[in-house]
Amino acid sequence: MRAAVLRGGRLQVRETPDPEPGPGELLLRTLSTAICASDVHFMDHPELAVDDPTGRSLYDTDRDIVLGHEFVGEVVGHGPGCTDQFAIGARVTAMPVRLVDGGAGGMRIIGQHPEAQGSFGELLVVSEVAAKPVPGDVSSDAVALTDAFAVGEFYVRSARMQPGEVAIVVGAGAIGLSAVAALAGRGIEPILVADYKSDRRELARDRFGAHVVIDPAEQSPFDAFKTVRAQRGLPGPAVLFECVGATGLIQNLVESAEMATRLYCAGGWYTGDTLDITTATRQGVTIQFGGGPHPQDWYGTLDAIAARRLDLLPSIGKIIGLDEVPDALELARRSDGPPRIVVHPNGGPP
């Protein structure tokens with residue numbers, strides 16, 4: 001098959017062996033797949049996957065690795081022991097993990113392991129038990145964004161927002177928009193969103209439900225929070241959803257936060273970062289890193305898309321073919337593209 005292949009630190013679109021479905025696995029023809037910043041992080045920080053103690057990821061310079069982990073595919077084959085749940089031609093999606101020995105041997109992250117080739121290729125293998133059907137009238141491109149928007153669902157669910165608290169989303173890329181969507185879906189207001197790019201701020205407000213948008217170059221999100229809180233007579237603290245992952249940002253947020261602020265860190269720190277715990281203690285902040293999304297977040301997001309309670313198509317700024325993947329990944333590296341770029345590895349409509 002043709003695929004965007006990472007090998008020896010170099011990304012090329014070329015031929016690589018077709019993946020083969022093992023016991024209890026489905027072979028998919030990839031219909032739609034989205035580019036994520038974590039694809040770039042995997043390429044740029046191989047040290048994190050050269051010796052991953054969990055075994056879930058593996059960066060091996062001597063083996064082909066096909067990137068991509070947000071996808072929808074059409075069933076074109078079954079491995080031994082599959083049920084008749086998914087017929088040939090059915091559209092399916094799945095959480096991006098390939099189970100080893102049905103899960104007894106752990107799992108591999110799809111798109112981050114040579115034994116779990118990703119979705120930037122014409123074909124893809126997924127575990128049948130992790131697969132879910134895609135209703136016939138729902139856009140494959142929208143469903144391909146399930147994984148990204150499940151992240152915001154997880155953090156917002158974890159936050160358990162209380163009356164009087166004010167939500168601030170820092171960053172309006174795909175993960176920031178996912179947090180906005182999860183907040184808006186719960187009827188939480190006001191939702192403040194801070195991003196340096198005007199088009200992303202407008203998208204968060206006009207299509208995903210943010211109430212106040214902030215350009216950090218002109219105003220501190222915390223100053224905007226104080227103004228909104230005073231205007232609305234809200235007594236509670238800020239609840240921050242950090243969705244950028246920039247070095248030094250968490251420390252900056254902690255230093256600026258009021259007592260009892262809660263901070264949920266959804267950004268990725270693949271180069272590591274530091275935090276002055278003394279300052280965090282003095283400020284009395286609560287911080288949560290990672291931990292999700294859980295299956296309930298992932299499949300709940302899928303259900304919301306299928307039921308059209310959640311429209312993710314406005315976050316898609318471009319649809320491309322396989323040959324354009326390297327350039328699109330460079331845009332993601334610079335945070336210079338739309339929130340999501342979608343790839344159709346086999347061409348055709350969504």
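Me: What makes a side-chain pair count as a salt bridge, and how many does the rule find?
Reply: The rule asks for a side-chain nitrogen of Lys or Arg within 4 Å of a carboxyl oxygen of Asp or Glu. By this rule the count comes to 21 salt bridges. The model is predicted: local features need pLDDT of at least 70, side-chain atom pairs count only at pLDDT 80 or more, and totals for chains, interfaces and linings use all residues. Residues are numbered from 1 along each chain as its sequence is written, and side-chain values use heavy atoms, with hydrogens and water left out.

Me: Why is the pair of Glu115 and Arg63 called a salt bridge?
Reply: The N to O value for their side chains is 3.7 Å, which is within the limit and therefore meets the rule. The two residues are 52 apart in the chain. Glu115 lies in the loop between strand 8 (107–109) and strand 9 (123–127), and Arg63 in the loop between helix 2 and strand 4. Helices (H or I, at least four residues) and strands (E, at least two) are DSSP runs, numbered from the N terminus.

Me: Which parts of the chain make up the two domains?
Reply: Domain 1 covers 2–138 + 308–343, and domain 2 covers 148–289. These bounds come from an automatic or database domain assignment. Taken over C-alpha atoms, the domain centres are 29 Å apart.

Me: How do you know that domain 1 and domain 2 touch?
Reply: Contact means heavy atoms within 4.5 Å, and 17 residues of domain 1 are in contact with 14 residues of domain 2. The buried area (accessible area, 1.4 Å probe, that two parts lose on being put together, summed over both) is about 1,200 Å², with carbon and sulfur atoms giving 66%.

Me: What makes Asp336 and Lys197 a salt bridge?
Reply: Their side chains meet at 3.6 Å, N to O, which is within the limit, so the pair qualifies. The count between domain 1 and domain 2 is one salt bridge. On the side of domain 1 that touches domain 2, helix 1 (37–44) and helix 2 (47–50) each supply at least two residues. The residues of that side divide into six nonpolar, six polar and five charged.

Me: What makes strand 2 and strand 4 edge strands?
Reply: Strand 2 (10–15) and strand 4 (65–66) each pair on one side only. The open sheet of three strands has the order 2-1-4, with antiparallel pairing. Strand 1 and strand 4 are joined over two bridges, and Val5 stands opposite Val66 in strand 4.

Me: Why do Pro190 and Arg308 deserve mention?
Reply: Most residues other than glycine have a negative phi, and most peptide bonds are trans. The peptide bond from Glu189 to Pro190 is cis, with omega near 0°, and Pro190 lies in the loop between helix 5 (174–185) and strand 12 (191–194). Arg308 has a positive phi, near 65°, and is placed in the loop between helix 10 (295–306) and strand 17 (316–320).

Note on methods. Ala, Val, Leu, Ile, Met, Phe, Trp, Tyr, Cys and Pro count as nonpolar, Asp, Glu, Lys and Arg as charged, and the others, Gly among them, as polar. Two strands pair if DSSP finds at least two bridges between them.
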